[in-house]
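Trainee: I'm new to this one and would like a close look at a single part. Could you pick a stretch and walk me through it slowly?

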Amino acid sequence: MGVVTERLASMGLTVPDVAAPVASYVPALRSGSHIFTSGQLPFVDGALPAVGKVGAEVSPEDAQELARLCGLNVIAAINSIADLDQVVRVVKVTVFVASAPDFTGQPGVANGASDLLAAAFGAAGSHTRSAVGVAVLPLNSPVEVDAIVEVA
């Protein structure tokens, strides 16, 4: 078991199978020393645990947990093409939040993914980030997360 996998296990988490694409794309792609993940939804066993807009049908607290699940699926996408212990830096994370018109708490929602990545990858998990409110996401998901990581 690798270091990243052990860190996740200490949090009661395991790396899931990579989520099957819902359209014409691949979950992750390596270019040189970087892996770019496609946007990952908070799938659990192939299903979304919640749908709707944050600040309306979905609470900010629930959305933060959904972002954490997205982060776990980002890790699964990385794991599908590289050993997780090869990650030397999480470079950039983008979190898209399907937001009710008056919802402005996107950074707090995004912390669900950011905190998981930092815990999983240790010092290499510190990253730049954008937290973006959007009108709607695929399959009416409340949250979607993608990442760029550097690998050895």
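Mentor: Let's look at the annotated domain and a few residues inside it. Keep in mind that this is a predicted model. The UniProt record, an unreviewed entry, places the feature "domain: Endoribonuclease L-PSP/chorismate mutase-like" at residues 7-145. Over that stretch, 29% of the chain is helix and 22% is strand, and its end C-alpha atoms sit 21 Å apart.

Start with G112, which you'll find in helix 3, residues 106-121. Its relative accessible area is 7%, so G112 counts as buried, the cut-off being under 20%. Leaving aside residues up to four places away in sequence, G112 touches Q64, A67 and R68.

Now move over to T94, in strand 3, which covers residues 87-98. T94 is buried as well, because its relative accessibility is 13%. With residues up to four places away in sequence again left out, T94 touches S130, E144, V145 and D146.

For a contrast, go to V22, in the loop between helix 1 (3-10) and strand 1 (28-31). V22 counts as partly exposed because its relative accessibility is 44%, which falls between the 20% and 50% limits.

Methods
Residues numbered from 1 in each chain as written. Predicted model: local features only at pLDDT ≥ 70, side-chain atom pairs only at ≥ 80, totals over all residues. Heavy atoms only, no water. Helix = DSSP H or I, 4+ residues; strand = E, 2+ residues; numbered from the N terminus. Buried < 20%, exposed > 50% of the residue type's maximum accessible area, 1.4 Å probe, protein only. Contact = heavy atoms within 4.5 Å. UniProt positions renumbered as here; feature names shortened; annotations may be inferred.
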